[in-house]
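Welcome, and please take a moment to look over the model shown here. The report below walks through its sheets, its DNA contacts and a few individual residues.

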There are 2 protein chains.
Amino acid sequence: MLSAGLPEGAMPKLERPGPLRERVYEALLELITTRALRPGQHLVESELAQHLGVSRQPVREALQRLNTDGWVDLRPAQGAFVHEPTEEEADQLLTVRTLLEAEAARLAAAHADADGVAELEKLCSRGEAAVGGAEVEKVVEANAAFHARVMALAGNTVLAELARQVDRRVRWYYTPVARQRGAQSWIEHRELIAAVKAGDEQGAAAVMRKHTEHTRRSYHERERG
Amino acid sequence: MLSAGLPEGAMPKLERPGPLRERVYEALLELITTRALRPGQHLVESELAQHLGVSRQPVREALQRLNTDGWVDLRPAQGAFVHEPTEEEADQLLTVRTLLEAEAARLAAAHADADGVAELEKLCSRGEAAVGGAEVEKVVEANAAFHARVMALAGNTVLAELARQVDRRVRWYYTPVARQRGAQSWIEHRELIAAVKAGDEQGAAAVMRKHTEHTRRSYHERERG
DNA sequence: TGCTGGGCTATTGAATACAGTTTACGGAGT
DNA sequence: ACTCCGTAAACTGTATTCAATAGCCCAGCA
């Protein structure tokens, strides 16, 4: 048997390419989030297939999943179009995000142990360091990691799944204006950690609500500029 | 031009069957929710295709969407299995549902006009009538319609979409125990309408939270029996 | 008797082929 | 000059075919 006390990482993990549709999905998502495929653009299956070096089949399946996730609009007998974000929808997304994140913070405050808090503090330090340097990418990534960790501490996989989708779309809308909020954001993160540490459910939820509302406001302010 | 003041309903709307994958999706969802396909069961593409009189392709696409929606688990190179609901997951779903419905109630209270309130009252009356008769199906349907209407009044499509998915799954878990809560549920609905009518956001959210928490409790009580 | 190994079958994953629909272009008629 | 109709091209929707992989049974051996 292989189970004879072998450490988990001992096996080379042999790189399985995974289902092709998944890779196509990720590839297209990357192209959309990076604006290489622009909102409103008509996505022709055969072109994408040829461009990616695969058949139409995986492309179709990827497009359908992108459709259910709200990234593309799939008009019958006409094909896929990259979704065009509207002001209203962005606002709705941010509202939902606030809701989900606040609940996650509350649950995290209720369940988190010392280890979890330590994890958050480490991520927070990393984020603050990234703010020091001017690498926008790093900051955004650190921010996502922090929020994901809070969500994990909440221990509700259904909630986490919804938040994951919403967050990714929010980030899509929000990335162009992300550079604005830097240091302030991480101060609020520290406040959140304190509330979680104290097991203060109401406080944690309130802090997170305030936090996400701030990002929402900065989004709208950017719009006017 | 057709736009010469024609009423919307004038055109026969000509029955378009819609994409085949959609129909297959609905058909499979029906089979799952009615327990014709039981949790854990292995779904073989070719069997389903033959049974439905279509090719494997639409079945594949439907299964993938069912997978992303949490109805089936799609194990690589092995196929689709009907998802097996766990206690923990049911609880998490109910938590999220409470969250989404409460927010919807709050937004509905903020935005609803007289027409909207009238709609709710009509649906409520219909529901109460259904409780009078002993048709469980009717009651469940009326309940769903009522909640959907509240969600519509909230005017947040993102929230509505998430709630739609969560609600459907909750109903799947919950249907076997639905007969328990009958009259009480609609009393609470009346309370909700009153709060919405008064534009009391906090009150509406609180009522809805209490309401969904009650259904959650009755779920757990059933478990013990 | 229990275990290992090979080959077989069933089922998914991907590619190709075919049919139906929508859109766009162009010419003829008013 | 403008509109209407017919035709053609392009693309999606569906079916069919081919390839690869996981599971299973049985023979062979310690």
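## How strands are paired here

Two strands count as a pair if DSSP finds at least two bridges between them. Please keep in mind that this is a predicted model.

## The strands of chain A

With that in hand, let us start with chain A. Strand β1 (residues 42-43) of chain A pairs with strand β3 (residues 79-82) of chain A in the antiparallel sense, and two bridges link them. One place to look is Leu43(A), whose bridge partner in β3(A) is Ala80(A).

On to the next pairing: strand β2 (residues 72-75) of chain A runs antiparallel to β3(A), and four bridges join these strands. Here Val72(A) is found opposite Val82(A) in β3(A). β2(A) and β3(A) make a hairpin with three residues between them. In its turn sits Ala77(A), with a positive phi of about 60°. Ala77(A) will come up again at the DNA, where it is among the residues that come nearest to DNA strand D.

## The sheet of chain B

In chain B, three strands form an open, antiparallel sheet in the order β1-β3-β2. β1 (42-43) and β2 (72-75) of chain B are at the edges; each has a single partner strand, so one side of each is left without a neighbour in the sheet.

If you follow β1(B) to strand β3 (residues 79-82) of chain B, you will find antiparallel pairing over two bridges. Within this pairing, His42(B) has Phe81(B) as its bridge partner in β3(B).

Which residues come nearest to DNA strand D? Of the 18 residues around DNA strand D, they are Arg56(A), Arg60(A), Ala77(A), Leu20(B) and Ser55(B). On the DNA side, 67% of the atoms of DNA strand D that come within 4 Å of the protein belong to sugar and phosphate.

Some individual contacts are worth a look. An N or O atom in the side chain of Arg56(A) is 3.1 Å from a base nitrogen of DNA strand D. For Ala77(A), the hairpin-turn residue, a backbone N or O atom lies 3.2 Å from a phosphate oxygen of DNA strand D. From chain B, a polar backbone atom of Ser55(B) is 2.9 Å from a phosphate oxygen of DNA strand D. The elements giving two or more residues to the surface near DNA strand D are β1 and α3 (56-68) of chain A, along with α1 (20-33) and α3 (56-68) of chain B. By residue type, this surface near DNA strand D has eight nonpolar, five polar and five charged residues.

## Cysteines and a buried glycine

Are Cys124(A) and Cys124(B) buried or exposed? Cys124(A) counts as buried because its relative accessibility is 0%, and Cys124(B) is likewise buried at 0%. Over all chains, the structure holds zero disulfides.

Gly203(A) belongs to helix α9 (residues 201-224) of chain A. With a relative accessibility of 17%, Gly203(A) counts as buried, the cut-off being under 20%. Its C-alpha atom is 9.9 Å from that of Ala102(A), although Gly203(A) and Ala102(A) are 101 residues apart along the chain.

## Arg35 in both chains

Finally, have a look at Arg35(A), which lies in the loop between α1 (20-33) and β1 of chain A. Arg35(A) is not a glycine, yet it has a positive phi of about 70°. Its relative accessible area of 32% makes Arg35(A) partly exposed.

In chain B, Arg35(B) is placed in the loop between α1 and β1. Arg35(B) also has a positive phi of about 70° without being a glycine, and it is partly exposed at 32% relative accessible area.

Methods:
Residues are numbered from 1 along each chain as its sequence is written. Chains are lettered from A and ligands numbered from 1 in the order in which they are written. This is a predicted model: local features need pLDDT of at least 70, side-chain atom pairs count only at pLDDT 80 or more; totals for chains, interfaces and linings use all residues. Side-chain values use heavy atoms; hydrogens and water are left out. A disulfide is a pair of cysteine sulfur atoms within 2.5 Å. Buried means under 20% relative accessible area, exposed over 50%, partly exposed in between (1.4 Å probe, protein chains only). A residue is near a molecule or strand if one of its heavy atoms lies within 4 Å of it. A polar contact is a pair of N or O atoms within 3.5 Å; within protein, one must be able to donate a hydrogen and the other to accept it, and residues adjacent in sequence count only if both atoms are side-chain atoms. Ala, Val, Leu, Ile, Met, Phe, Trp, Tyr, Cys and Pro count as nonpolar, Asp, Glu, Lys and Arg as charged, and the others, Gly among them, as polar.
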